[in-house]
Amino acid sequence: MADSKERELDTQEVEALAQIERDGEALAALIEDLSSSSRRTRQFSARVVAILAQREPKLLDPYVSDLIDALYRPEAQTRWEVLDALSELVPDHAKEIGAAFEGAETALFDELSATLRLSAFHLLCAWGATERGRSKKVWPIIDEAIQCYHGDLEYRDMLGYLHEFAQGKIAGDVAEELAGRLSFDAENGKGSYLKARSREIYDMLVKRFKLDAPKKRVRAQAKDDDVEEDEE
């Protein structure tokens, strides 16, 4: 998973979290720091925001739009921390987080940071799993990412997020195309995990959607009107 989720908190991060607990204005100041002129300040703020999203996501309810704005900072770490935070907020803020689509798509195809790509993939899978219309909107770029990063180290974690996506409220045609995309690895995947995980997702989709020999295919991106209709 992303680096921000693996390491222990340092002293500065612990102090920042304690300050937020003591002072109601500390969180607003932290969010404002996402727009600081200092790269290090932005990164630190984003890191603490990602921790808060895991521990007390409700605290971030008033700041979803600020987090989405932070997806356009130049450095990768600020963006991946914010993407991780937004992924945690999807259950309660899916409609608002739709505005993060463009920033997440850009991050998904970043050429320099695998961590950033993985965090973007996570957000898109989480958001797309909340509604049929959303699944249709994200699926073309999720499918492209599967093809682009299939041989990369982060693909193992991507399969975990695909499993979550496949369990969500996705459209039947999306399910069929995802199953078709994974069918080869389900039969011939190199490595026990790749094959077993692909098979698990494939079998679940076939059973859930009653698919008959699903095939991958090129598809047009869902129209905005279709997405809006499902979001009502």
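This report walks through some helices, salt bridges and loop residues of a predicted model.

## How to read the model

Because this is a predicted model, local features need pLDDT of at least 70 and side-chain atom pairs count only at pLDDT 80 or more, while totals for chains, interfaces and linings use all residues. Residues are numbered from 1 along each chain as its sequence is written, and side-chain values use heavy atoms, with hydrogens and water left out.

Let's start with α7, which covers residues 114-128 and has 15 residues. From its first C-alpha to its last it reaches 21 Å, close to the 21 Å expected at 1.5 Å a residue. The expected span here is 1.5 Å times one less than the number of residues in the helix.

How many of the 15 residues of α7 are buried? The count is 14, so α7 is largely enclosed by the rest of the structure. Buried means under 20% relative accessible area, exposed means over 50%, and partly exposed is in between, using a 1.4 Å probe and protein chains only.

## Asp-110 and its partner

Asp-110 is buried, with a relative accessible area of 17%. Its side chain meets that of Arg-79 in a salt bridge (3.9 Å, N to O). Asp-110 lies in the loop between α6 (101-108) and α7 and Arg-79 in helix α5 (residues 76-97), so the pair ties together parts that are 31 residues apart in sequence. Arg-79 is buried, as is Asp-110. A salt bridge here is a side-chain nitrogen of Lys or Arg within 4 Å of a carboxyl oxygen of Asp or Glu.

Not counting residues up to four places away in sequence, Asp-110 touches Arg-79, Leu-116, Arg-117 and Tyr-149; contact means heavy atoms within 4.5 Å.

## Salt bridges along α11

Side chains of opposite charge can pair when their charged atoms come close. By the salt-bridge rule, the count comes to eleven. Two of these pairs sit in helix α11 (residues 192-209), including Arg-197 with Glu-200 and Arg-199 with Asp-203. In the Arg-197 and Glu-200 bridge, the closest N and O atoms are 2.8 Å apart, and these residues are three apart, about one turn of the helix. Glu-200 is partly exposed, at 38% relative accessible area.

For Arg-199 and Asp-203, the closest N and O atoms are 2.9 Å apart, and the residues are four apart, again about one turn of the helix. Both are partly exposed, with a relative accessible area of 23% for Arg-199 and 37% for Asp-203. Glu-187 joins Arg-199 and Asp-203 in a network of salt bridges.

## Lys-195, also in α11

Lys-195 lies in helix α11 and counts as partly exposed at 37% relative accessibility. Which residues does Lys-195 contact, leaving aside its neighbours within four places in sequence? They are Asp-185, Ala-186, Glu-187 and Gly-189. The C-alpha atoms of Lys-195 and Phe-184, eleven residues apart along the chain, are separated by 8.9 Å.

## How α6 packs on α8

Two packed helices are described by the angle between their axes and the distance between the axes. For α6 and helix α8 (residues 132-149), the angle is about 10° and the axes are 11 Å apart. That makes α6 roughly parallel to α8. Axes are lines fitted to C-alpha atoms, for helices over the stretch in contact, with angles from 0 to 180 degrees between N-to-C directions; under 35 degrees counts as roughly parallel, over 145 as roughly antiparallel, 65 to 115 as roughly perpendicular and the rest as oblique.

On the α6 side, the contact is made by Phe-101, Glu-105 and Leu-108, and α8 contributes Lys-137, Val-138, Ile-141, Ala-145 and Tyr-149. By class, this contact has six nonpolar, no polar and two charged residues. Nonpolar covers Ala, Val, Leu, Ile, Met, Phe, Trp, Tyr, Cys and Pro, charged covers Asp, Glu, Lys and Arg, and the others, Gly among them, are polar.

## Loop residues to look at

Most residues other than glycine have a negative phi. Lys-210, in the loop between α11 and α12 (224-231), has a positive phi near 55°. Lys-210 is exposed, with a relative accessible area of 71%. Ala-213 is found in the loop between α11 and α12, and its phi is positive at about 50°.

Finally, Leu-153 sits in the loop between α8 and α9 (155-167) and is exposed at 82% relative accessible area. Leu-153 and Phe-121 are 32 residues apart in sequence and 14 Å apart in space, C-alpha to C-alpha.

Definitions and conventions: Helices (H or I, at least four residues) and strands (E, at least two) are DSSP runs, numbered from the N terminus.
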